[in-house]
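Take a moment to look over the structure below. We will start from one residue and then widen the view.

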Amino acid sequence: MIARTATGSRRLSRAGTTTTWRGLVALGCVALSLGLASCGAEGEGDASDTSSAVDDAGVSDGDQAGADSGGSADSASAADTAGPEPAFELGTNVTGKNTPPFYSALAEGGTVNVELGPQGLWMVVLAFKTRAMFTPPLFLSGDIVVTDHDTAGSLKLKKQKVFPGGDGFDYYYNFWLVVKKPDGSFPVGVAGKKAVVTFEVTDADNKVHKVVRNVSLTGGPKGG
Amino acid sequence: MAERRRARGLLLAACVLHAGLVACGTSEPSGATADASADGGAGAGGGWQVALEGLDAGLFAVWGRDDGPLWAVGADDGKGPLLLTKGHGAAGTWDRVDMAGFPGDLWWACGPDADTLYLVGAGGRVVRRKAGVFTAMPTPTQRVLYGCWAADASHIWAVGGDPKGVEDGVVLLSDGATWTVAAGLPAVPKGTSFFKAWGTGPSDVRVIGTGGLVLHWDGQSWTREDLGTTQRLITLHGDPAADLQVIVGGTGNGAVFERIAGVWKERSPEAIQALNGVYVRGDKAYAVGFRGTLLDREATGWELRDETPTQLDLHGVFVDKTGVAWAVGGNLFSHPASDGIILTR
């Protein structure tokens, strides 16, 4: 027989972290890594790149002061006391994972892999990390247009939330942006192609933050 | 964590293994009423709540007949596919049935009567439970069977496809003893997968799949119905008494189509995750999707619930005969699907 779970475990679930003991282990790993780069995270995820991303997108720091960073009590508290710089960084994550070690920044000119999801669709996986910028809930809009190739993708999601990563940032993982041809068929031949990724966040105060990345594609279905 | 480990241990301990054939876990759940109704269980607040989480394997479907128990099926965590069962209503606990003798993910469950259950899944797997005994049935396919539906004891449908979308999908029909490939299907594009079958009787069956595909069997022949979409159509369910059928799916964003008075119309809410499961019972209709997406059908249309208790992917939903709703899922983007979860309302 299986007993119902305790209230505490449900709270974990609401926090968006993994709902298993494995998630707790991962979080512990992140917590121990505070002050270091992170437990295995790539170096692009540092504050300078993040600030740059904000500046590139034309977001005024002043506009963001005191903003609630996505409903996270931990982050809101940190913002109130330390006044961190508003930050936003577009990234990607290992498919299906939802902890900071599996997140990496998506830099201008970077590479994005087109992978076959378990739902049977070819997709790119986007993510972002942010701090002191948005009032939840968030409206997320992502688009990808493959250059010189009739392949694109678009996804819009309302009522989205970010979740504290334990490193001062809130994260959003697994934005599954399906890439397909106009008739819905698979994006054959995208490997090596250039593409433009556009990602836009609109918060509850109608504050809009937009990031554009020119990227190179890897992966995708083989064949003619 | 200790409680989680204890729950997992209890789950495993609940299984009874028999050599060759397996027959366990089919008795009514026992002695857990207090647990199940503790801290505001189903129906306490009207919202979805976690009934069970932290399962090693993800769950794909939950289903049951009014005259039989509930079943939840899912991925193979190395100990055989996850199969859980309990009685209707909020009381009671989910017991694991040992399925080690039938390796591979199980995707869906259906049955024509209280005594017969069909489970379908990976590698063309069909497992039948009859009189409490599970047996594997030979099928003429190796495709993943994503869905099944039993019109009656001699008309059981199973449908599936190639997860990579390269090879052709398959529609199977059984007379209760033998599975054969359904004849006379219209030509469909190469690589089409069929995800679900559902109907109101042996002469009124619909099969749905990739590319907006809806095929209708009237007992004599197939016809293709045009919903005006190329989206993937994942699950179909309806309530004849309510004259309502609903299809959910989506390629990217979620999509909802309703058939009322014989006419299909799109009813997709804007900007939601792709949907995987739908269930209609009387005036209650729910749909579920990736990242904890939960939809209610209301007078104004399909509404996204704000207070989802999980960010895991939801794949199946069911309303039992007491009106309690169940939704199941997990991390469906892991291999195999993991972190199984059951929500209730």
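Which residues does Asn214(A) touch, not counting residues up to four places away in sequence? They are Glu108(A), Gly109(A), Gly110(A), Ala195(A) and Val196(A). Contact here means heavy atoms within 4.5 Å.

This is a predicted model, in which local features need pLDDT of at least 70, side-chain atom pairs count only at pLDDT 80 or more, and totals for chains, interfaces and linings use all residues. Residues are numbered from 1 along each chain as its sequence is written, chains are lettered from A and ligands numbered from 1 in the order in which they are written, and side-chain values use heavy atoms, leaving out hydrogens and water.

Stay with Asn214(A). Its place is in strand 10 of chain A, residues 208-219. Strands are DSSP runs of E, at least two residues, and helices are runs of H or I, at least four, both numbered from the N terminus. The side chains of Asn214(A) and Glu108(A) are joined by a polar contact of 2.9 Å. Such a contact is a pair of N or O atoms within 3.5 Å; within protein, one must be able to donate a hydrogen and the other to accept it, and residues adjacent in sequence count only if both atoms are side-chain atoms.

Buried means under 20% relative accessible area, exposed over 50%, and partly exposed in between (1.4 Å probe, protein chains only).

Now step back to chain A. It has five helices and 10 strands. Of its 224 residues, 50% count as buried.
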